[in-house]
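I opened my notebook to go through one model piece by piece. Here is what I looked up.

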Amino acid sequence: MVSIPCSDTLRDKVANAVNHAKKYSHPIILSYVFEIKEKDPLQIFSSFQSAYAGKRFYWATPDRTFILCGIGVELELTTDKKFSNRFFDIYSKWKDWKEHIQIEGAHPIGTGPLLFGGFSFDPLKNANSSKWKPFHEARFTLPSFMITKIGRHTLATINRLIQSTDDINEIINHFNKYEYTLKKKNEDTNSFLNFTIKKESLFHKKEWMAAVEKAKEQIKQNRFEKVVLAREMLLEFEGSIDIHYVLSMLNEHQPNCYLFVVENEGKTFVGATPERLVSKRDQKVQSACVAGSIKRGKTVEADEEYAQMLLSDTKNIHEHQIVVKAIEKVFREYCQEVQLQNNPTILKTPNIQHLYTPVEGTVKKGFTLIDFVEKLHPTPALGGYPKDAALAFIRNEEPLERGWYAAPVGWMDDQDNGEFVVAIRSGLLDEQKAYLYAGCGIVGDSKPEEEYRETEIKFGPMQHALGGKLNEK
């Protein structure tokens with residue numbers, strides 16, 4: 001097991017960083033990476049609940065072989081610029097910082113200086129509430145301390161933002177404090193705060209059904225080919241919501257899904273999504289077309305029957321192909337080589353199954369991870385097609401404020417590696433309230449009542465994680 005350097009070596013590294021900050025009149029990020037004995041990132045996340053509430057993030061891939069747990073906020077990058085400008089404003093700010101980074105220790109992808117955060121769905125949507133305001137149109141943070149699980153290995157990253165006037169001893173104490181934390185025994189996290197659902201509110205059913213009918217009419221008029229309409233549910237609780245309990249439930253009951261948690265100013269955006277937007281490792285990129293849904297069967301035979309129905313359903317196949325076409329177009333533009341299978345397969349989550357087509361490519365020189373995020377968002381799976389016409393319809397007709405729901409959430413490092421998901425099957429937690437979101441794709445032959453029932457199923461994962469029953473209608 002590797003540890004941070006001895007005090008003399010560390011003092012030299014810190015002194016060099018302070019001198020760098022003075023020479024270039026710019027703060028520097030000093031990042032130490034070292035392997036540690038195996039730690040459970042979920043327990044680490046929980047153990048900092050009181051000391052760092054509102055300053056944590058969590059991320060896990062569907063197979064749970066790659067997990068991030070970030071504690072503290074060493075650097076925050078935000079923007080409230082609109083549309084594509086918000087993507088490149090964040091990219092530009094991070095690019096400037098990358099000129100002032102020093103990393104000590106071997107640092108595989110997913111360690112070292114790494115930003116975690118996300119973007120809003122549509123910055124031009126008129127907001128009627130302030131519940132999403134702390135999240136901005138984009139917000140990313142560099143953690144003070146991070147645990148990364150890569151397969152069987154667990155690594156720690158300690159970051160420090162160093163100013164030219166900082167005291168060297170205080171900086172050294174910063175590193176030693178977190179190293180000491182790693183040596184402590186994990187706290188017992190088996191007990192949870194007591195909270196129970198006292199009220200459930202569904203909003204705007206009549207308006208939502210009317211929007212579905214209006215969408216179908218505009219599809220017939222060739223205004224657009226598909227649009228995705230979302231709904232909102234409010235759960236109110238006796239007692240404050242325990243995010244560790246919610247995350248533990250999602251971790252246990254939502255295999256095959258990415259997990260994400262973003263905390264900010266007393267609010268928490270959390271979800272378990274099956275949908276990757278884009279992943280970039282060096283010059284290799286991947287995305288996933290996930291569109292077209294049907295419920296799970298209660299027996300193996302019934303489940304397979306539903307899967308075959310989905311694979312042969314004209315409406316769902318059409319909806320899926322719209323997504324494939326749009327994502328493939330972006331990959332053909334930004335990649336030298338593209339691999340795309342001809343027919344979709346089935347992606348199963350505990351309470352719903354989807355049509356699924358993976359896409360892979362090799363990035364052309366000059367294109368970045370953020371280029372893909374900006375160009376792909378929103379895919380037709382969460383916005384519609386064509387993009388601009390569908391977004392305009394959502395902006396005018398959808399009776400809710402999406403905030404970060406269905407938007408890109410994820411991470412990126414200093415070498416342009418990273419991964420973003422589409423933040424669905426999610427909710428915004430605010431002390432004793434939980435705002436949940438679900439949507440479905442509307443095409444020409446959609447039936448409003450069937451689409452409404454589909455959204456009820458999609459509310460299920462978050463309802464269940466918050467102490468309710470898993471909706472299997």
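Is Arg64 buried or exposed? I found 15% relative accessibility for Arg64, so Arg64 counts as buried. Buried means under 20% relative accessible area, exposed means over 50%, and partly exposed is in between (1.4 Å probe, protein chains only).

Ground rules next. This is a predicted model, where local features need pLDDT of at least 70, side-chain atom pairs count only at pLDDT 80 or more, and totals for chains, interfaces and linings use all residues. Residues are numbered from 1 along each chain as its sequence is written, and side-chain values use heavy atoms, with hydrogens and water left out.

**Entry: the loop of Arg64**

I placed Arg64 in the loop between β2 and β3. Helices (H or I, at least four residues) and strands (E, at least two) are DSSP runs, numbered from the N terminus. Arg64 has a positive phi of about 60°, although it is not a glycine. Thr61 sits in the loop between β2 (56-60) and β3 (66-71). Thr61 is buried, with a relative accessible area of 9%. I saw its side chain make a polar contact of 2.8 Å with the side chain of Asp63. A polar contact is a pair of N or O atoms within 3.5 Å; within protein, one must be able to donate a hydrogen and the other to accept it, and residues adjacent in sequence count only if both atoms are side-chain atoms. Leaving out residues up to four places away in sequence, Thr61 touches Phe66, Cys257, Tyr258 and Glu419. Contact means heavy atoms within 4.5 Å.

**Entry: another positive phi**

Asn256 is not a glycine either, yet its phi is positive, about 70°. I found Asn256 in the loop between α6 and β12 (258-264). At 40% relative accessibility, Asn256 counts as partly exposed.

**Entry: strand β6**

Why do I call β6 largely enclosed by the rest of the structure? Six of the six residues of this strand (residues 114-119) are buried, so it is. Leu114, Phe116 and Gly118 point one way, while Leu115, Gly117 and Phe119 point the other way. I then checked its neighbours. β6 pairs with β20 (residues 408-413) in the antiparallel sense, over five bridges. Two strands pair if DSSP finds at least two bridges between them. β6 and β7 (residues 138-142) also run antiparallel, joined by four bridges. Gly118 has Val409 as its bridge partner in β20, and Arg139 in β7.

**Entry: Ser293**

I located Ser293 in strand β15 (residues 284-295). Ser293 counts as buried, at 11% relative accessibility. Its side chain joins that of His354 in a polar contact of 3.0 Å. Among the residues that Ser293 touches, not counting those up to four places away in sequence, are Leu310, Asn316 and Glu454.

How many residues of α9 (residues 369-376) are buried? Seven of its eight are, and the helix is mostly covered. The buried ones include Leu369, Phe372 and Leu376. I also noted a cis peptide bond between His377 and Pro378, with omega about -15°. Pro378 lies in the loop between α9 and β19 (384-385). Another cis peptide bond joins Tyr385 and Pro386, with omega about -10°. I placed Pro386 in the loop between β19 and α10 (387-397).
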